Number of protein chains: 4
Amino acid sequence: MNSFGRNFRITSFGESHGAAVGVIIDGCPAGMKLTVQDIQPLLDRRRPGTSLLTSLRNEMDQVEILSGIFEGKTTGAPIAMMVRNENQKSKDYAEIREKFRPGHADFTYQEKYGIRDHRGGGRSSGRETLGRVAAGAVAIKYLSAQSITITGKILAVHGKTDPDEMQQEILSAVDAGDSVGGVVEITARGCPPGLGDPVFGKLDALLAGAMMGIGAVKGVEIGDGFAVSGKFGSENNDPMTRDGFLSNHAGGILGGISSGQDVVVRIAVKPTPSIAKIQQTRDIHGNVVEISVGGRHDPCIVPRIVPVAEAMLALVLMDCMLEQAKRR
Amino acid sequence: MNSFGRNFRITSFGESHGAAVGVIIDGCPAGMKLTVQDIQPLLDRRRPGTSLLTSLRNEMDQVEILSGIFEGKTTGAPIAMMVRNENQKSKDYAEIREKFRPGHADFTYQEKYGIRDHRGGGRSSGRETLGRVAAGAVAIKYLSAQSITITGKILAVHGKTDPDEMQQEILSAVDAGDSVGGVVEITARGCPPGLGDPVFGKLDALLAGAMMGIGAVKGVEIGDGFAVSGKFGSENNDPMTRDGFLSNHAGGILGGISSGQDVVVRIAVKPTPSIAKIQQTRDIHGNVVEISVGGRHDPCIVPRIVPVAEAMLALVLMDCMLEQAKRR
Amino acid sequence: MNSFGRNFRITSFGESHGAAVGVIIDGCPAGMKLTVQDIQPLLDRRRPGTSLLTSLRNEMDQVEILSGIFEGKTTGAPIAMMVRNENQKSKDYAEIREKFRPGHADFTYQEKYGIRDHRGGGRSSGRETLGRVAAGAVAIKYLSAQSITITGKILAVHGKTDPDEMQQEILSAVDAGDSVGGVVEITARGCPPGLGDPVFGKLDALLAGAMMGIGAVKGVEIGDGFAVSGKFGSENNDPMTRDGFLSNHAGGILGGISSGQDVVVRIAVKPTPSIAKIQQTRDIHGNVVEISVGGRHDPCIVPRIVPVAEAMLALVLMDCMLEQAKRR
Amino acid sequence: MNSFGRNFRITSFGESHGAAVGVIIDGCPAGMKLTVQDIQPLLDRRRPGTSLLTSLRNEMDQVEILSGIFEGKTTGAPIAMMVRNENQKSKDYAEIREKFRPGHADFTYQEKYGIRDHRGGGRSSGRETLGRVAAGAVAIKYLSAQSITITGKILAVHGKTDPDEMQQEILSAVDAGDSVGGVVEITARGCPPGLGDPVFGKLDALLAGAMMGIGAVKGVEIGDGFAVSGKFGSENNDPMTRDGFLSNHAGGILGGISSGQDVVVRIAVKPTPSIAKIQQTRDIHGNVVEISVGGRHDPCIVPRIVPVAEAMLALVLMDCMLEQAKRR
């Protein structure tokens with residue numbers, strides 16, 4: 001479905017080439033100061049067209065708040081936010097109307113629904129993440145007032161960890177009509193202990209679902225992640241001190257509940273499937289055909305995923321903060 | 001919370017040393033043949049005490065079906081299943097009543113609830129997974145009738161991939177009073193295309209949440225997982241043919257929706273935190289103390305996680321099958 | 001919260017004097033023809049300003065579909081619909097900024113949230129029902145294709161059951177600066193048997209919640225309703241025939257599940273609390289004050305509730321139709 | 001489905017003639033004292049066989065708490081409670097195996113599921129309410145500590161309001177092989193203002209759904225209920241004073257949110273459909289047949305519904321109390 005969260009619940013709508021994309025937040029506490037200026041800067045960070053390395057689709061993505069605010073404060077009513085789609089070159093997408101782009105959702109949407117808005121990926125477009133970032137901005141503001149800060153960073157692009165080398169990898173990919181993937185790490189500092197629930201509502205389970213629900217993400221790790229599989233228990237356990245822990249292999253989560261340490265999440269981002277290089281695929285009639293995906297596509301989606309992953313982390317934490325309020 | 005799934009919804013209860021552990025299934029289709037014999041063999045697979053390499057707690061774990069069955073068939077009513085706890089050596093746990101075991105949920109439960117059933121980990125015990133496996137057995141039977149099969153296997157233990165070497169690693173850990181982790185891969189064959197929903201209900205997001213919600217799991221990958229971060233798009237995209245795909249880097253999921261290929265998930269399992277080796281920790285009064293966790297603990301939880309991970313995969317797929325029924 | 005339904009799930013937003021009111025539908029089947037022309041006529045029925053007997057606030061309430069439609073058909077993606085607020089005479093509401101209107105949500109919103117958009121009732125305004133009617137129009141279209149029809153009618157106004165007398169009661173109330181209530185009956189014809197679930201998901205329970213959730217409704221009956229309390233079982237049971245039933249005291253629902261007979265629901269609508277007559281109340285400072293509620297208010301909300309109640313019945317039935325699809 | 005509530009969430013299981021009936025509570029705050037002695041007295045109130053006027057099925061209905069309690073206190077983990085079925089005279093039900101009892105769920109269950117546990121009504125039996133009452137007992141204890149008290153009373157039986165006359169009506173019905181209905185009123189005193197949510201989560205909507213979800217209930221009223229339909233606004237509005245309200249026509253709820261006044265709910269209970277009198281019905285083969293429902297049935301279910309309705313009111317209020325905790 002298109003809703004996320006139990007207490008700070010967001011519902012997302014919109015397609016790449018429809019009239020608008022947006023989000024409704026249900027469950028935001030009343031009395032919190034909120035204006036468009038709290039939202040717009042975060043949307044600007046995920047906006048395309050800001051550098052040579054990202055998609056050339058250049059839209060201003062101005063957010064409008066439609067409800068839930070009265071005299072500059074939240075009222076407890078749903079906060080609806082919307083961004084009009086402006087720069088819709090639908091004609092660019094004529095070729096993919098009938099061809100399934102490899103690595104894309106084209107084939108599976110067609111199988112699932114029997115109908116598909118092919119223009120720019122429709123609902124599966126990265127433009128859907130606008131709603132997440134707008135809602136995440138509200139959560140980030142709320143968490144910030146509780147001294148919880150969220151930061152994301154790129155750890156690697158195509159195997160390189162040096163920023164200059166990362167950039168070079170992307171430029172090389174552009175030249176080759178190809179694309180590259182990478183790894184992003186998101187950290188929350190200042191989380192109180194006690195967030196998350198046992199069994200199916202574990203904080204790490206919520207985070208894994210949230211992160212894997214971002215398009216292009218194929219792996220999620222908490223703390224030491226896959227490295228734990230090669231370790232001894234005596235190496236991996238974090239010894240306790242009077243004031244906390246001596247290490248943070250656990251990534252700030254024990255038994256699915258935050259420990260008060262930094263919450264550390266890493267995600268694997270696949271190379272953008274839309275590439276100019278010729279690939280083999282099928283069309284909707286069953287014929288094997290060749291495809292070169294034109295249009296304005298990011299050669300590496302990693303930088304633009306950072307604010308989206310930050311937003312998802314904020315949404316999960318805020319939801320858990322409100323959940324925890326019931327327990328006290 | 002303690003419920004999982006939207007359509008085939010399970011609710012779990014019970015602690016390691018309470019009266020019983022169990023599960024209620026809500027939403028199982030009516031008219032399906034079901035007896036204890038469909039459930040018990042899967043519970044036996046996760047049972048401890050079956051080899052030298054697993055915990056010595058030897059319980060028969062006999063499941064009782066309390067409701068939802070009439071003359072050998074499901075009626076559409078909730079199916080409650082229960083296993084009585086028998087072998088509860090609570091005195092073994094006297095030492096950990098006041099000490100937080102490193103790597104365990106002891107500290108975080110205490111912080112969250114202000115009260116904690118310390119005996120055998122209470123609610124955070126692996127015994128909670130009995131309910132998942134019992135419910136998973138029902139899902140596995142349902143899926144099997146639709147020609148969907150689920151298999152799990154151990155890919156590595158403490159970095160070793162050869163079975164004999166894996167066993168040797170576990171025995172060495174036992175000798176050292178230590179424990180080791182590993183990697184498990186779970187695969188579903190025969191999935192129809194179209195399972196999963198866009199945006200927040202993606203099949204991979206559901207799977208990531210399901211798997212990370214198993215205690216001891218610290219990482220989840222779909223298809224090529226973290227390896228995609230070092231690849232070109234032209235390498236990672238799966239070309240299509242008339243009948244399907246030429247490769248399966250995507251792990252059977254595109255845009256969050258199953259493609260008809262094998263669904264492939266890998267999980268990283270941490271070394272059991274309960275070890276005999278002396279570790280530093282804190283007690284509930286704030287003193288730094290030493291702890292050696294005695295009792296009957298698995299030196300490596302990896303083998304016993306396999307049936308649990310299979311159960312979670314089955315639960316997710318069955319839930320998506322029922323969800324998909326609404327779309328047609 | 002502001003969402004309703006499990007399978008055909010709507011989320012509502014907007015205040016009387018905010019930028020817009022609207023709704024998102026999540027879970028509408030794909031491939032269904034849908035245009036603004038399917039929605040607008042139903043909105044027009046609930047529109048104020050259409051007669052002397054209803055509020056003079058005259059807005060065109062033109063709905064815009066923001067997402068979820070491609071080439072005239074639903075795609076399975078969320079359908080967002082919005083109506084801009086135009087005719088906002090906020091100055092009319094200056095007096096009620098500080099005074100709690102008797103019979104209104106003013107006091108309880110202030111207590112709950114500590115902040116309140118007083119203009120036209122804010123979120124508690126009847127304008128919120130626009131979203132319900134827009135979403136209900138989609139459900140009505142879907143049900144109609146399954147030969148299920150929904151009709152509502154006014155049974156009584158201020159105790160009168162003759163239409164001319166009802167109108168006279170309303171005019172008299174206007175003259176007196178007062179308001180009157182009434183009773184509405186909504187019927188669904190053509191429902192298949194099997195809709196609704198046992199125990200907490202009973203069709204009548206869903207309907208009762210749906211109807212009582214319409215502002216101004218203070219009572220709900222199914223079938224013979226309160227009259228059953230004075231009857232013998234032998235009078236109230238509906239005898240069965242080869243083809244159905246000899247009577248319909250049950251209102252089409254047995255054990256919470258539709259029987260195939262007409263589903264019959266009645267609701268009691270209170271007199272509009274906003275009246276010109278002077279009443280005693282309190283202001284936000286705790287002073288006892290007098291109030292005469294000016295502005296443009298319906299002397300009798302009963303006629304405008306009919307399309308809202310029809311919409312709620314349609315939403316419940318469509319949700320149950322999709323739920324039932326999982327059972328087959 | 002078989003779950004109820006968002007924050008204090010209960011899941012019910014069991015059939016009249018299965019192994020057991022019971023309930024799981026998920027979301028009970030930790031640290032609350034709780035023993036079987038808090039539950040058993042309320043179950044005893046709804047127990048059959050306690051007077052000549054109720055069913056002769058005489059079971060002790062001893063509840064067992066299976067989980068969620070440690071050293072006499074709740075731990076925050078799910079509280080599973082179970083009552084074994086003992087007195088199952090299944091042979092009494094041989095006749096109704098093939099005949100649909102008029103006024104019962106037999107026909108609709110058969111239509112919905114294609115299979116039906118006919119023994120004593122199976123899942124649709126009043127025995128299912130044991131779980132509600134057991135869970136309600138926990139909520140009542142919690143509310144009581146917050147000075148919220150819940151009381152139910154019988155207002156009428158078969159149109160009579162005097163207790164002696166009510167009893168006479170029931171005895172006359174027994175003599176005639178018939179049954180009678182009645183009206184129950186449930187009141188909560190001490191509710192703080194602010195409980196309930198706007199739009200679809202209104203307190204009155206939750207209560208209406210909760211009450212109509214009790215078998216045999218055909219109508220629900222809040223405050224003055226259906227009587228509002230014949231009143232003027234000036235009569236129905238409750239004027240405010242410095243300390244509260246001058247009257248309580250609203251039944252303690254304004255705009256779906258509690259006002260701090262008594263919350264007053266009335267329900268209409270139908271006459272028990274199981275009667276000895278001969279009625280016309282159909283069998284599962286489509287033949288028109290006669291039926292006289294033997295066995296041990298209440299001639300009037302009204303007295304036994306009182307504790308069930310109290311439980312449902314308590315469950316809704318506790319759920320809203322926890323929901324409200326998130327808003328502060």
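Mentor: Chain B and chain A bury about 7,600 Å² between them. Carbon and sulfur atoms carry 62% of that area. Buried area here is the accessible area (1.4 Å probe) that two parts lose on being put together, summed over both. Three residues, F200(B), K218(B) and M240(B), supply 11% of the area that chain B buries against chain A, more than any other three residues.

This is a predicted model, where local features need pLDDT of at least 70, side-chain atom pairs count only at pLDDT 80 or more, and totals for chains, interfaces and linings use all residues. Residues are numbered from 1 along each chain as its sequence is written, chains are lettered from A and ligands numbered from 1 in the order in which they are written, and side-chain values use heavy atoms, with hydrogens and water left out.

Now the residues. Chain B puts 100 residues in contact with 99 residues of chain A. Contact means heavy atoms within 4.5 Å.

Next, the polar side. Between chain B and chain A, 41 residue pairs are in polar contact, both residues at pLDDT 80 or more. A polar contact is a pair of N or O atoms within 3.5 Å; within protein, one must be able to donate a hydrogen and the other to accept it, and residues adjacent in sequence count only if both atoms are side-chain atoms. The rule also finds two salt bridges across this interface. A salt bridge needs a side-chain nitrogen of Lys or Arg within 4 Å of a carboxyl oxygen of Asp or Glu. One of them joins D197(B) to K112(A), with the closest N and O atoms 3.8 Å apart. By class, the side of chain B that touches chain A has 43 nonpolar, 36 polar and 21 charged residues. Here Ala, Val, Leu, Ile, Met, Phe, Trp, Tyr, Cys and Pro count as nonpolar, Asp, Glu, Lys and Arg as charged, and the others, Gly among them, as polar.

Chain D and chain A bury about 660 Å², 49% of it on carbon and sulfur atoms. Six residues from each of chain D and chain A make the contact. A325(D), K326(D) and R327(D) supply 64% of the area that chain D buries against chain A. Two residue pairs are in polar contact between chain D and chain A, and the rule finds zero salt bridges there. Chain D is laid on chain A by a turn of 180 degrees and a shift of 0.0 Å along the axis, with an RMSD of 0.0 Å. That is the relation of a two-fold axis.

The structure holds zero disulfides over all chains.

How values were computed:
Disulfide = S-S within 2.5 Å. Least-squares fit on C-alpha atoms with pLDDT ≥ 70 in both.
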